[in-house]
Structures are given as C-alpha cells and as structure tokens.
Amino acid sequence: KDSGAPSGGGTAAGSPCKLAPKPPAAAAGTSGSKTPEKADGSALKVGLAFDIGGRGDASFNDSAAAGVDKAITDLGVKKENVKELSAGPNESEDAKQTRLRQLASDGVNPIIAVGFAYADALKAVAPQFPNTKFAIVDASVEGAPNVTPLVFAEEQGSFLAGVIAAYKTQKCNVAFVGGVETPLIQKFEAGYYQGAKAAAPDIKLDKKYLTPAGDFTGFQDPSKGNAAANGLIDRGADVLYHAAGASGKGVFSAAKAKGVMAIGVDSDQYNQKTVEQERDVIISSMLKRVDVAVFDYLLAVAKNDLAALPKVFDLKVDGVGYSTSGGKIDSELQAVLEGYKAQIIAGQIKVSDKPTS
Amino acid sequence: MTTPTAATEGGVGQPTGGACAVRLSGITKRFPGVVANSNVHLSVAHGEVHALCGENGAGKSTLMKILYGMQNPDEGTIEVNGEQVHFKSPSDAIRVGIGMVHQHFMLADNLTVLENVVLGAEALHGIGGKARKRVAELAARTGLDVSPDQPVEDLGVADRQRVEILKVLYRGAKIIILDEPTAVLVPQEVDELFETLRGMQRQGYTFLFISHKLDEVRGIADSVTVIRRGTTVGTADPKRISSRQLAEMMVGSELPSPETRDSTVTDREVLVVEDVRLCSLGADRPVLDDITLTVHAGEVLGIAGVEGNGQTELVETIMGMRRADAGHIRLGHVDLTRLGTLARREAGIGYVPEDRHRHGLLLSQPLWANRILGYQTRRPTAKGAWLDIEGAKDDTRRIVEEFDVRTPGIEVAAAALSGGNQQKLVVGRELSGDPKLLIASHPTRGVDVGAQAVIWDQIRAARANGLAVLLISADLDELIGLSDTIKVMLRGRLVADADPSTVTPEQLGSAMTGVSGEGDEE
Amino acid sequence: MISKDPADGGAVPASAPQRRGAKKLPGWTRGLIWLAAVVGALSTASYLTGYPQLTASGTLQTALLLAIPILLAALGGLWAERAGVINIGLEGMMIMGTWGAAWAGYQWGPWAALLAAAVFGALGGLVHAVATVTFGVNHIVSGVAINLLGAGLTKYLSTLIFQPLSNNPRESPAVPKFDTYSAQPLSDWLADLENMQRVGLSDVAGVLRGLVTGVSPLTMLALLLVPVSYLVLWRSRFGLRLRSCGENPVAAESLGVNVYVHKYAAVVISGALAGLGGAALVLNPGQPGYLEGQTGGRGYIGLAAMIFGNWRPAGLLGGSALFGYADGLQLRSGGATVMALFYAAVLVLVGIAVWLVARKKLVAAGITLVGAAALYLIYLSVDEMPSQLSTYLPHMVTLVVLAVAAQRLRPPAANGDEYRRGRGH
Amino acid sequence: MKLNLRSVVLPPVLAVAFAALLCGLALLLSGANPLQAFGAMVAQVGEGTTAVDIVNSSATYYLIALAVAVGFQMKLFNIGVEGQYRIAAVTAMIVGGSISLPAGLHSLVIILVAVVAGALYAAIPALLKAYRGVSEVISTIMLNAISLGIVAFLIKPDVFGVLRSNSLSTAELPESAWVPGISLGAAGTVFGLGLLSVLAGVGYWVLMNRTRFGFELRASGESATAATAGGVNAKRMIIAAMLLSGAVAGLTALPELLGRDHTFTQNFPQGYGFSGIAIALLGRNHAVGIAFGALLWAFLDKSALALDNIGVPKEIVTIMQGAIVLSVVVAYEIVRRVQLAAEQRRVGQQLGTTNGEDKQPATTAGGGAA
Ligand SMILES: Nc1ncnc2c1ncn2[C@@H]1O[C@H](COP(=O)(O)OP(=O)(O)OP(=O)(O)O)[C@@H](O)[C@H]1O
Ligand SMILES: Nc1ncnc2c1ncn2[C@@H]1O[C@H](COP(=O)(O)OP(=O)(O)OP(=O)(O)O)[C@@H](O)[C@H]1O
Ligand SMILES: [Mg+2]
Ligand SMILES: [Mg+2]
C-alpha cells in the first residue's frame with residue numbers, strides 16, 4: 001500500500017533560487033485604509049445574471065454573489081429585491097439577451113452580468129433600456145454608456161503569486177496550469193511569470209494549458225488538471241499556480257501526492273470546502289475580488305456616483321491580492337510582497353497582461 | 001421418452017388410435033389478418049418420413065414452428081408420443097425430443113460450427129472439450145468434414161445444411177422436422193441427404209419433411225399430407241400418387257411444365273464473355289477461370305453447377321458488381337468490361353438476382369418504388385435527374401396485371417408480399433424496358449407451382465421476341481426444360497456442354513460434380 | 001456423388017475462403033508482437049530524440065489513469081453490442097455513474113461508490129433495454145435520449161441533493177478515495193533501473209513501473225474486467241447465448257435461448273460498466289467528486305475504442321490504452337514530445353515496410369515508406385506542434401491508426417437490428 | 001405515402017403529454033409547482049423576443065438536423081455535423097472578414113465558403129469510410145474534437161483572430177456582408193437567413209423524394225446490396241451523402257453569424273450537433289417532421305430561461321427533451337405496430353385468406369413486449 005507521503009517527487013534535482021534583491025519595504029498601511037462608506041441601498045432592486053454555474057460555483061459567480069450579500073448586510077439592500085438568474089451550458093447568444101431583458105423589463109436596476117460571455121448580449125440589450133444601469137464583470141462594452149465594466153488586473157495579483165512561488169521553490173523551478181487558453185487566463189500566466197522572474201531572474205518556468213480557447217472542458221476536468229500537474233512536477237517544478245477552475249482540484253491533489261506546493265486562484269482556496277483534504281499544499285491564493293467590485297459598484301449606484309469607481313480593480317484598490325490563510329506566508333515574505341505591491345501601485349513595475357512567448 | 005418403434009405404418013396417416021410420434025389436432029393459428037393454420041389435423045407415425053406439401057404461404061412452416069414451440073397455437077392440441085404437451089418455447093420441444101431444421105438457415109455466421117451446435121444445449125456437454133468430442137462424433141454421421149472451430153460463414157450451403165442437422169442430432173432429437181432442406185441442394189447432395197435420412201430412419205428417427213419438389217417427396221416419404229390455405233386437404237400414399245395429382249391437390253390446377261417447344265435461337269450474338277478471370281483475396285485459385293461463352297438472341301443458355309462453383313460470381317461479374325481481373329464482356333457491340341452496373345443495365349441487361357431480398361427488393365418501400373430500382377435513369381420511371389413517379393406507378397400497375405402479382409395495391413410495402421409474388425414483381429420489372437439480355441438466377445427458387453408457371457411463361461414469351469437469357473438454376477428440370485444450350489460449371493470453369501433435348505438430370509448432376517470425365521452429351 | 005476430396009471434384013465451394021488459421025499466429029501472440037514493436041519504437045525514439053517522457057513511468061501511470069474510464073465505457077459498449085444492441089447512450093450512463101458514485105461514496109466510502117455507480121449506470125441501461133428490446137426503438141434514438149436524460153437527471157438531482165451539502169449545484173462534496181498500492185520492492189527496483197537511463201532497459205522499466213506503481217483497486221478491477229469479460233462472453237454458456245443474440249437472434253430463439261432476457265442482461269451490464277467508468281472519474285486521484293460536465297465525452301470515446309478494438313476485449317483495451325497514452329503524453333509533456341511521437345511512428349512505419357518487403361508486397365511497402373518519409377519531414381520541419389492542436393493528439397492518433405490499419409472490423413451481424421419473438425422466418 | 005393524420009400527429013402529442021407528466025412529477029418531488037412551471041413555459045412565448053428567438057433557433061436547429069438526416073437516409077451516422085459546422089462557420093467568417101465585395105454578393109460568397117468548408121471537413125470521414133472502411137462513427141467523434149483545436153488555432157491573434165476585451169474572435173464582418181433580418185420591433189428580429197432553412201427544407205424534400213439522387217440515397221440506406229444490384233455505386237453514394245451532409249451543416253451557424261453576431265467568438269455555443277441528431281430523429285428524417293422537431297426543441301431550450309425566472313430548476317428542460325425523444329419514438333413504434341397489423345389484416349382480407357368469423361386478432365399487436 002502506498003503511504004500518503006510524497007513518492008520521490010520529481011526527477012530533476014535542483015536547489016532554491018538565487019533571489020533578486022528584495023524590494024524596499026512598503027510604507028505601512030497602503031491598503032485597508034479605506035474607511036467603510038455608508039449609503040442606503042434599500043431602494044435598489046439588484047439583478048445578477050450569472051455565467052454557467054451560478055451561485056455556489058466556488059468561483060467568480062460565487063464571489064459576485066458574496067458582493068451582493070455584503071450589500072444586503074452593509075447597504076440595506078432587501079433580500080427579496082435581489083433576483084438571480086444563471087446561464088446554462090452551451091446556450092446561445094439570444095438566451096443571454098433574453099435573460100438580461102427579463103431582468104430589465106421586470107424593473108430590476110442595477111443589473112450585474114457576471115462573465116465576459118455577456119459582453120455581446122449587453123451590447124445589444126443595454127441600449128434598449130437606457131434608464132437601467134448595467135455592470136459586467138471581466139469585460140468592457142464599448143458604446144454603451146449605461147454599462148459599467150468591472151475588470152481586474154489579474155496580472156498584478158498573479159505577479160505576487162509569481163513572487164511567492166520564487167521564494168518558495170526548492171528547485172528554482174515553478175509552473176503554471178491554465179484551464180483554457182483564453183486571453184483572460186493568459187493574463188494570469190503573464191503576471192505570474194513576470195513576478196517569478198522579478199524575484200528570481202534565473203528561475204525556470206513551465207506551463208500547461210488543458211484545452212485551447214473554445215473548448216471549455218478545460219475548466220471542468222480535474223483528471224486532466226492532475227495529469228498536467230504531474231507532468232510539470234516530474235519535469236522539476238515544485239510550485240504550481242493554477243487558473244483552471246474546477247480542474248485546479250486535480251492540480252492540488254497532484255501537488256499533495258508528490259509533496260510539492262500550489263497556489264490557488266480567485267478566492268481563498270485554503271478555506272474552500274471541496275479541496276479541504278489537499279489544503280496543506282496551498283501556500284496562498286491569488287485573490288480576484290469580484291465581491292469587492294460588485295459591492296463597490298452597488299455602493300456607487302446607491303450613492304449615484306458611478307464615476308468614483310476605479311477603471312480597473314487592481315492592487316491599488318484591493319481588487320486583486322493574495323491570501324495568507326494556512327500560515328505559509330511568513331512575515332518576511334509578506335514584507336517582500338508588500339514591497340513589490342507598492343512598486344506596482346506606484347507604477348515602478350509595469351505588469352504586462354500578455355504572455356511574452 | 002418411449003423407445004421409438006422401427007416399424008413403418010402403411011401408407012396412411014389418418015388419425016388412428018395408436019401412439020403416434022406426433023399428433024396435431026385442431027391446430028389454428030391466426031396472424032394479423034391471416035389464418036396461417038385453420039383446424040389442422042396431422043398424425044405422424046413412429047419411424048416414418050412424413051412429407052408436408054403445399055403452396056407458398058399455405059402454412060406448412062407455421063405448423064412446424066408450432067410443433068417446435070416457436071409459435072403458440074391459438075387453438076388445438078399437440079401430442080408427442082401419446083402425451084399431450086404445451087410448448088412455451090423451443091426448449092420445451094427440444095426436451096421432448098423434437099428438432100427442427102429451418103427453411104432459412106438458422107446459423108450465426110460469425111460463430112464457429114461448435115458454437116452454433118452447442119448453443120442452447122450447453123447443459124448436455126458444456127461448451128468445451130467434451131462438447132467438441134461429441135460434435136466430432138456426430139459430424140461423421142452427417143458427413144460433415146470441417147473443423148468445429150471454423151466460422152460458419154466459411155462453409156458452403158451443403159455443409160451448412162449438415163451443421164443444421166448436427167444441431168438437431170446433438171440435442172438427441174428423435175423427431176426431426178426438415179423444412180425445405182433440399183431447396184438449395186443439387187441432386188447428388190439431395191441423394192446423399194436422403195441416404196442419411198434413410199439410415200437414421202432405420203435407427204428409429206421420425207422425420208417431418210417439407211418440399212416443393214414433388215418428385216423428391218415421392219422418393220423419400222412414407223406418407224404425404226397436403227395443406228392448402230392453412231387447412232389439411234388430405235393425406236396420401238406417395239407411392240400411389242403421381243406428382244401431377246399431388247400438385248392438383250395442392251392448388252387445384254394443372255402442374256405446369258418448364259419445357260420449351262420450338263427453338264427461337266438466332267445467330268445474332270447478344271452476350272459475349274471472353275476469357276474472364278476473377279480472383280478473390282486469400283484464395284489460391286481463381287474463382288472464375290477462362291470463362292468464355294456466347295448467348296444469342298432468342299436463346300436460353302443454362303448454367304448448371306453445384307452451388308458455390310462460381311455461378312454467383314459469374315453473374316455478378318457480368319453485372320459489374322465485381323470487376324473481372326482479365327477478359328472481356330460484350331453486349332452486342334458495347335464493351336461492358338469497364339462499365340459500372342448501372343451502365344450495363346442501361347445497355348440492356350435485366351437481372352433477376354438469386355436472393356431477391358438481398359439483391360432484388362427494397363423491402364420496406366412500396367411496390368412502385370421497387371419498380372424504380374435499377375431503372376432510376378430511364379423512362380418510364382425517370383426523366384433525366386428527376387423521378388417520374390406517375391410513370392413508375394402506372395408501369396407497376398401494368399406489371400401487377402401482366403404478371404399476376406397478388407397484392408392489394410401498389411402502395412403496400414414489398415415485404416408484405418409472399419415470396420412468389422415478390423419474385424413475379426422482380427421478373428416483371430426486369431423484363432420491362434425491352435432488355436436485350438436477361439440474367440435469371442434461380443428465378444423460381446422457393447416459388448410455388450402457380451407462380452412458377454407465370455414466370456416460365458413470361459420468360460418464354462420474351463425469348464420468342466428475341467431476348468437472350470442466361471439462366472442459372474439448381475432445379476435441373478427447370479434448367480433442362482427452359483434452356484436451348486446448357487453449360488456445366490465446376491470450380492470456376494465451364495467444363496462441359498450438354499444438349500437439353502437429350503440430357504437427363506442424372507447425367508447433368510454427374511457432370512456438375514465432375515464424376516464423369518470431360519466431354520458429355522450424346 | 002458429393003465427394004469430400006476436392007481433388008476428386010467434390011463440392012468444395014470455389015468462393016468459400018480458404019481455411020483460416022493454418023499459418024496465422026494466434027491473436028494474443030500477434031498482440032504481444034505488436035506491443036513489443038511499439039515499445040521498441042518508443043524507446044528508440046525517446047533515446048534518439050532525447051525525450052524520456054515517451055516511456056517515463058509517470059507517462060504510463062497517467063495513461064493508465066486516463067484510460068480506465070474509457071476502458072470501462074468501452075467494455076460497456078462491448079457487452080451491449082455483442083448482444084446486438086448499439087449503445088450510443090454510454091455517455092449518459094457514465095454521467096449517471098458519476099453522480100451515483102459521488103452520492104454513495106460521500107456517505108459510505110469508495111466501495112459503496114463503485115456499487116452505486118454500477119447501479120445508476122445499470123438503471124440507464126435498463127431504460128435503454130426497455131426502449132430498444134421491448135419497444136424496438138431505433139437504438140441510436142434511444143441512446144441519444146439517454147444521454148440527454150442522464151445529463152438532465154444528474155443536474156436536477158445535484159441541485160436537489162448536493163447543493164445543500166457543497167453549496168454548489170454542480171458539484172458534490174469531496175468523496176473519499178481508495179488507497180493506492182504499489183508492487184513495492186518491484187516498483188523501487190524498476191525505479192532504479194529507469195533512472196539508470198540505459199537505452200531500452202530503462203524504457204521497459206519505465207513502462208512496467210508505470211503499470212505497477214500507485215495502482216488503485218479500481219484500476220485493478222477495471223483491468224481485471226477485460227479478461228473476465230472475455231471469459232464470460234467467449235468461454236461461458238451465458239456468454240455464448242448472449243453473443244448469439246447479437247449474431248442471429250432468430251437462430252438463438254429457435255434453439256430455446258430467451259433472447260429478451262439475454263439482451264436485457266447485456267444492456268443492463270453494459271450500463272453498469274459504463275457507470276463504473278463514471279465511478280472511475282469520481283474516484284481517480286485529483287477528482288474531488290461529482291462535477292457537472294466531468295465526463296467530457298468519454299462515453300463516446302469509449303464507444304470509439306470499442307469499435308477500434310473490433311468488438312473484442314483485448315482490442316478495446318488496446319484502443320483505450322492508445323487513447324490514454326496519447327492523452328497522457330500531451331497533457332504531461334505538450335507539443336515538443338508529441339513530435340518525438342512522430343519519430344516513433346516513422347520507426348514503426350519503416351518496420352512495417354520491411355516486413356511488407358519480406359512478404360513481397362512491394363507496392364504496399366512503397367506506400368508505407370512514402371508515409372514514413374512524409375512524417376519524418378514533418379518531424380524535421382516542425383519543432384513543436386501548436387498547443388491548440390496537440391491537445392487533440394489522442395484523437396488524431398486514433399484517426400491515423402485507423403486509416404493505416406487494414407480494416408477488417410466485424411461488428412456483430414445483428415447489431416442494431418430489431419428483434420421480436422416469433423417474427424423470424 | 002398516404003398521410004394518416006391521426007397516426008402522424010397522435011404519437012407526438014401523447015409523447016409530449018407523457019414527458020410533461022413525468023417532469024411534472026419530478027417538479028412536485030422537488031417542491032415546485034408544475035402548473036406554475038408549465039404556465040410560465042407557455043406564457044414565455046408571448047413575452048419579449050421569445051417567440052422570435054424560438055423561430056430563429058429553430059432555423060438553426062432545422063439546418064443542422066437536415067444535415068444529420070441526409071446521412072441517416074442512407075444509414076450513415078454523421079455525428080460529425082458538430083465539427084463540420086464549426087469549421088465552416090470559422091472559415092466563412094475569416095474569409096468574409098478579409099474580403100470586400102458589394103452587399104449581397106459578399107454574403108453569397110460567405111455562404112458558399114461555408115458550404116464548401118463544411119463539405120470538405122466531411123470529406124475526411126467520407127473518404128476514410130469509402131476507401132479505408134473506417135467507421136464514420138469513430139472518425140467523426142475524433143474529428144469533432146479536432147475541430148475544436150483547429151478553430152482555436154485559427155482564432156489565435158497571431159493567426160486570423162482578433163482580441164476584443166477578454167475574448168478571441170474572428171475579425172468583424174464589414175457591413176456589406178450582413179444579412180438584414182425582418183424586424184418586428186420589440187418582439188425582435190427574425191434572421192434573414194432563416195429563409196435559408198426554408199429553402200434547404202424544400203430542397204431536401206425535393207431531392208429525397210423526386211430525384212434520382214435521393215432515390216439512390218434512400219435505396220442505399222434501405223439495402224446496400226439491393227442498391228448495388230440496382231446500379232448504385234456504394235462508394236460514390238457514401239461520399240456524396242457525407243459531402244452533402246457536411247455542406248448543409250456548413251450553413252448552420254450562418255443565420256446568427258450574418259444576422260446578428262457578425263463575428264465568430266470563442267464563446268460560440270457548442271452542442272448544436274447533438275441537438276441536430278435528436279431533432280432529426282424526432283422528425284423521422286422528414287422535412288416537415290424535422291421542422292416541428294426543431295420548433296419544439298427551440299421552445300424547450302428557451303423554457304429554461306422562463307423556468308429560471310420563476311425559480312424552478314431549469315434542468316427539468318433537459319430531462320423533458322430526453323423524455324420526449326424517447327416517448328415520441330416509443331409512441332410511433334406502438335402506432336406502427338398497430339398499423340402494420342391493420343395492413344396485414346387488409347392484405348389478408350383482400351387475398352381472401354381471412355376467415356369471416358375470425359375474432360379480430362388485434363391483441364397480437366405490440367405483443368413483442370417482454
Ligand atoms: N410471423 C408471422 N406474422 C404474420 N404472418 C405470418 C407470420 N408467419 C407466417 N405468416 C403468414 O402465415 C402464412 C403461412 O406462412 P408459412 O410460412 O407457414 O407458409 P409456408 O407454407 O411455409 O410457405 P412456403 O412454402 O413459402 O415456405 C403466410 O402466408 C403468412 O402470411
Ligand atoms: N417476420 C414476419 N413479420 C411479419 N410478416 C411476416 C413475417 N414473416 C412472414 N410474414 C408474412 O408472410 C408472408 C410471406 O411469408 P412466406 O414465408 O409465406 O413467404 P415465402 O413465400 O416463404 O417467401 P420466401 O420464400 O422468401 O421465404 C408475407 O405476407 C409477410 O407479411
Ligand atoms: Mg417461407
Ligand atoms: Mg415455409
């Protein structure tokens with residue numbers, strides 16, 4: 001019988017990276033300085049059009065839902081005034097339009113569309129309801145003034161994930177697992193690589209996407225995630241960062257079986273129920289705060305001040321970040337991360353959102 | 001099981017008091033719209049060969065399926081060896097010692113001989129070595145000489161027939177039903193089969209034997225029961241009744257004869273086949289070798305041969321369904337060698353295939369659609385790339401009329417017609433459009449005497465109008481009666497010629513099996 | 001008279017094929033030779049191209065894991081189609097299996113998961129049997145309907161049952177897994193051999209080690225089911241009867257075989273096997289549990305593997321292995337290693353060409369060589385296959401192998417035909 | 001064929017009722033109100049653009065189902081329509097986006113490219129089947145997957161794709177290629193190329209029932225051996241049927257692409273192919289039957305939205321689709337058996353083999369049930 005212990009790990013040997021000079025310590029308190037703002041949202045009728053999966057997907061739909069939940073407690077939005085609809089797999093464009101229209105014609109305002117799949121539908125529907133406020137997560141819609149884009153600087157958060165990986169690797173070899181090779185997921189890869197390189201210029205980087213753009217099974221196939229992760233580990237990587245949706249669970253279990261480490265994505269995966277058994281391999285998660293964006297948006301609507309919303313939810317506004325649950329990020333590393341973060345916020349480091357290769 | 005008595009009861013099978021091997025009384029079986037059997041009475045004595053005669057669709061097979069437990073009778077009782085029985089499935093019938101060789105082979109081609117034999121009777125000797133030994137023992141008795149592990153698809157018809165009998169023997173049946181076992185055999189094979197039957201009869205086996213070949217019936221049977229339209233007409237002593245009388249009992253009409261009267265042969269060559277050779281994959285000798293023949297206008301050229309000696313391949317090569325490896329085929333002045341089947345048909349060949357279900361008909365399509373098949377490019381069924389459905393329907397009505405196809409209409413599916421009527425439709429179709437050549441493979445196989453007459457008459461009439469006919473038939477009487485010239489085919493070669501006016505079926509049969517040397521007719 | 005001696009002019013049918021099997025090797029020997037040739041080509045290629053991944057134990061281990069669900073689905077297809085029922089509904093039955101496995105596994109552990117998956121799959125099979133056997137519905141229609149039903153039903157049930165547990169309507173809570181086993185001293189010894197990087201030896205060791213390391217009872221069960229299926233279908237009375245229903249049900253009926261019962265049994269077993277395939281997806285490492293859309297068409301791939309394997313257990317094992325291997329390779333190693341596979345293919349083709357020349361089949365040998373040369377040119381000119389395409393390497397390999405291999409596929413003769421008692425001739 | 005209205009219409013009605021009953025039960029079990037659910041499904045047709053959306057979707061479904069039906073007519077199981085329409089769509093959009101032609105002609109060229117591309121992708125399984133005997137079932141399953149890779153490759157930004165926001169797509173079509181629809185104001189816009197499916201349907205019917213080609217196709221499907229003996233070239237028919245099927249499949253995405261989207265994005269829905277198979281089977285490969293099947297399918301698809309809107313699990317729609325496919329064929333089968341018995345009865349009566357005093361033996365119909 002096999003023990004749960006790592007069985008040999010990778011074949012390629014290696015040693016920890018030679019790290020680049022640490023960034024200067026950041027001025028304390030750049031983040032979390034926002035004073036909680038108050039506004040009355042009790043009159044709002046909020047609509048959520050989820051992407052496939054809907055509430056409970058432990059991913060960005062759930063995160064968006066959390067933002068609304070926060071608005072219910074903090075802004076006094078009435079629970080019965082929140083309407084949630086979600087998409088089915090392989091549905092056609094007009095279904096998305098109809099969903100938005102259903103909400104709009106029911107008098108729901110504002111309406112938040114979760115996922116860039118709604119971009120084209122919004123482009124068609126938003127002009128039909130000029131008095132309704134729309135928001136869309138992960139996309140922007142040109143030529144529709146009543147649509148607020150809620151987009152994120154995933155590459156910035158991923159940069160920090162790359163730094164974490166560089167500091168944690170024992171073999172100076174880290175890798176990325178992407179679910180589907182779309183431009184959005186490539187942003188994660190791009191930032192991660194830059195972060196790792198910035199922290200350790202000699203670091204070896206590797207990656208694998210499970211499926212190409214258009215074949216979305218890559219987000220739904222832990223078997224493939226597991227196989228790909230095993231391949232990367234066998235080729236020497238010992239820190240894996242995934243942006244692969246549900247397939248990421250396969251990455252965690254491969255990491256656990258081979259005794260290497262992993263970095264989660266979107267939400268704080270250390271606290272996620274479905275990966276409980278593998279959580280000790282999770283060093284950190286790159287946080288993409290859809291909940292923050294959604295809450296901020298609702299707040300802005302309640303205050304009728306949409307202009308105050310950031311153009312991009314980035315490190316500066318805590319739209320992206322990293323988690324520390326699990327205690328694997330010690331204060332030293334945290335200081336380094338905060339240092340890089342400050343540099344990015346200050347514009348000293350520019351993180352590109354396109355992979356170089 | 002009672003021990004069978006070896007004694008053969010006289011000629012008669014009227015229900016008597018004694019314990020018969022089989023006694024069916026008052027059997028009635030209805031199918032939707034058809035009464036296949038109506039109040040049938042039949043007694044079969046121990047150890048006799050009891051023949052059953054009747055037209056196509058008279059209900060013979062149905063009756064036997066009832067006796068074998070494959071069909072449940074609506075009314076009536078079955079007694080076997082004096083005891084009343086109720087069969088729910090063939091296994092019940094097998095248990096009391098009844099076996100059946102079906103009209104259509106009941107073999108799984110992909111399975112081996114052994115598997116086909118032991119299927120359903122695994123309880124006897126398992127399916128392994130013991131069963132194999134037993135099969136080998138019994139195989140000798142039926143004259144089967146193939147490995148038990150050979151797939152059945154590799155066997156010829158005669159061997160398949162033997163496997164069928166082997167299946168019955170393996171189950172220890174003492175009462176054996178043979179439904180048209182001779183339809184696909186040549187005279188010598190028939191003789192051999194009969195030899196086997198007689199030997200087994202002496203050992204106490206009882207046979208129920210169905211055939212359309214009345215001479216055979218008279219040759220083998222101890223008594224014969226005639227069925228017409230689902231009812232028993234009567235039982236007769238085959239020794240004291242002529243084939244003609246028997247046929248009259250069956251249909252109430254005169255027995256037609258296939259004889260042609262005067263020759264209409266001209267010297268105009270219609271079909272010329274020169275040095276045709278056909279090889280098949282994996283075989284070490286050609287399937288067809290140096291075939292050369294000529295059919296003239298107004299001539300019927302008959303090909304005699306044991307099934308599987310290349311007749312099918314010859315026909316399919318002439319039709320373009322197979323490509324000759326060497327040689328030429330000409331129709332009049334048209335060289336057919338490189339043409340496809342459709343082009344050959346358009347050049348003027350009509351084709352009555354040997355297996356009407358596989359090659360002649362679209363069974364689920366209405367009759368008029370079947371009229372189009374093979375004529376989809378020609379009038380009256382087509383105009384250019386378009387079908388002419390009205391034309392097809394009109395012409396189908398003509399065929400139904402002229403060829404006496406018994407059908408309620410031309411919209412019914414071809415499957416709804418009985419075999420004889422299906423065949424009349426096919427012959428009718430292939431004689432439309434004034435073909436120059438008709439290739440007729442077994443044109444009356446499995447067809448009842450009435451339908452046979454219609455088909456023969458039509459072929460004769462067309463021949464009188466200058467049609468050339470290439471006739472392949474296992475029925476040697478038909479072959480001799482219709483043909484102007486006969487060629488004998490053996491192992492892919494034309495080995496002998498025969499003159500139909502003088503040759504006897506026995507001589508022909510010898511030539512077909514290569515027993516008599518080359519050269520031939522007197 | 002009919003004589004048995006062909007020389008005597010007997011009735012040996014000219015068209016009947018010659019007796020087979022006289023010179024031909026038995027199937028398993030040929031299988032082994034093929035296997036050896038392929039392993040040989042792969043190890044040579046891995047040495048010459050410098051991609052040890054081709055025969056690394058990890059690749060084989062991954063291949064095995066990826067192949068298992070496909071193998072089980074293919075076995076399911078085999079059982080149904082051998083009894084004459086086309087089963088395009090494997091995917092739906094597999095989905096039912098994943099749900100059942102997660103539902104029972106979450107509560108009672110992995111063995112319960114297996115059982116429940118089999119039962120759920122069998123339920124799908126039962127529906128298929130009722131439709132196709134009792135009602136004579138077109139088998140493909142019924143299969144398509146079952147795929148829809150399976151997908152719909154599990155989604156519906158998940159919303160109802162899993163959502164309260166996992167807060168997610170599309171996912172079950174985590175399901176406990178089997179412990180894995182390795183043939184310990186052997187596995188370590190093979191690991192040493194593999195790490196020595198000796199040509200050939202290390203490759204074979206890698207392949208073997210991949211097959212004996214980290215194996216779960218499920219994997220063993222699935223592999224065991226291959227010979228078991230063979231023995232039951234080809235060496236038992238039940239199997240003979242079942243196959244006869246797929247070859248000629250009327251003949252079977254005429255010998256007292258209850259065709260309905262056997263077809264029902266076959267299709268239900270087929271469903272159970274497909275369900276186990278679903279369980280494999282839930283219980284394999286890396287799987288949290290049930291996940292909507294998790295099967296990702298593996299049921300169809302299983303069907304393809306079965307056809308690929310010519311409706312035979314060993315054949316479909318080969319088909320599943322090929323698919324699993326190619327998928328494992330591309331997932332683990334990406335586009336560059338894929339090109340090394342091209343190199344291996346060139347070697348195999350050259351081997352075939354040599355064999356053809358020896359058999360004096362010069363034209364075929366020439367064509368094969370041209371193919372090899374073309375592949376070699378591609379290998380030389382392309383460094384790495386675009387990742388978009390290499391993802392589908394298993395599908396391409398399957399297609400190419402099918403196109404190259406001579407086609408002698410023999411489906412059961414009555415596969416897909418409607419059967420009704422008492423309706424045969 | 002005589003149109004026996006009752007036997008054609010009754011089975012589907014029964015089947016839909018049965019499926020509704022089944023789903024009603026499931027809804028009850030989950031605590032929802034089935035009447036409210038069915039009410040919402042019916043009511044949705046009058047709301048917003050749903051009616052138009054149903055029509056538009058069914059136009060698409062109709063095309064893909066026709067493509068499947070062409071294969072089915074000769075017992076070719078072209079699962080590959082899924083891959084064929086994707087390849088066709090992406091090729092047509094790439095070509096269409098990179099040329100400039102006058103309006104009308106531009107669309108025509110795009111349609112032509114789609115047809116050719118669909119046919120070419122279908123040519124692979126066709127040739128493999130005709131010349132290598134590769135089962136079209138496997139080859140098309142494989143080619144469907146491969147098509148995803150090809151499409152992904154083609155819409156890469158460094159190949160033919162463009163990156164818009166977070167999504168990859170082909171270049172947007174110039175306006176000259178757009179096909180305007182019939183605007184019904186607030187009720188939506190009916191795709192102009194919906195007309196394409198009407199044309200294709202008529203063409204399909206005429207081809208199958210009135211031409212030599214259709215006859216040969218159906219004859220090959222019914223009995224390959226009889227067709228060969230009747231002069232039909234089997235290989236040629238396999239290739240022709242497959243190419244035709246692929247060509248029709250190639251049209252599938254055009255109504256929405258030229259009428260609404262004007263670009264093929266990575267989010268273009270998958271799975272039309274399998275819907276197409278189900279619809280072709282529902283419509284029994286008949287031009288009119290498929291039309292009803294497509295409408296029903298589209299209606300059920302859209303119902304998911306209406307159900308979600310009132311908080312009823314929308315998965316019930318998939319269950320209902322499966323149940324309908326299965327119960328429709330079962331219902332047809334039962335009716336067929338009853339009719340076959342009736343026909344045999346008629347044949348028997350006309351041939352005089354039936355006894356007058358017979359009790360009607362209708363009980364045998366459907367007696368095959370185990
Ligand atoms: N399974 C069946 N269902 C419906 N009708 C049937 C069935 N089997 C036979 N029949 C009908 O019963 C009649 C008798 O058929 P049967 O096969 O017994 O005839 P037969 O005497 O054996 O004919 P043949 O000489 O052609 O073999 C047929 O005309 C047919 O109409
Ligand atoms: N399995 C069946 N299902 C339905 N009807 C059948 C069946 N078998 C036979 N029949 C009916 O039987 C009739 C023809 O059967 P029959 O066996 O009498 O033909 P046949 O003359 O023996 O033909 P063949 O020589 O080709 O077997 C048709 O009316 C057909 O409807
Ligand atoms: Mg008959
Ligand atoms: Mg009969």
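A residue is called buried when its relative accessible area is under 20%, and by that cut-off both Cys17(A) and Cys172(A) are buried.

**The disulfide**
- With a cut-off of 2.5 Å between cysteine sulfur atoms, the count over all chains comes to one disulfide.
- This disulfide is formed by Cys17(A) and Cys172(A), whose sulfur atoms lie 2.1 Å apart.
- Because the torsion about the S-S bond of Cys17(A) and Cys172(A) is about 110°, the disulfide is right-handed.
- The pair links distant parts of the chain, 155 residues apart: Cys17(A) belongs to the segment before strand E1 (46-50) of chain A, whereas Cys172(A) sits in the loop between helix H4 (154-168) and strand E6 (173-181) of chain A.

**Cysteines in other chains**
- Cys53(B) takes part in no disulfide, and the nearest cysteine sulfur, which belongs to Cys20(B), is 19 Å away.
- Cys53(B) has a relative accessible area of 0% and is therefore buried.
- In chain D, Cys23(D) likewise counts as buried, at 1% relative accessibility.

**Confidence in chain C**
- Chain C has a mean pLDDT of 82, with 90% of its residues reaching 70 or more.
- Over residues 1-23 of chain C, however, the pLDDT is below 50, although this stretch has 48 contacts in the model beyond near neighbours in sequence.
- Where pLDDT is low, the predicted coordinates should not be read in detail.

Note on methods: Residues are numbered from 1 along each chain as its sequence is written. Chains are lettered from A and ligands numbered from 1 in the order in which they are written. This is a predicted model: local features need pLDDT of at least 70, side-chain atom pairs count only at pLDDT 80 or more; totals for chains, interfaces and linings use all residues. Side-chain values use heavy atoms; hydrogens and water are left out. Helices (H or I, at least four residues) and strands (E, at least two) are DSSP runs, numbered from the N terminus. Buried means under 20% relative accessible area, exposed over 50%, partly exposed in between (1.4 Å probe, protein chains only). pLDDT is the predictor's confidence in each residue, from 0 to 100. Contact means heavy atoms within 4.5 Å.
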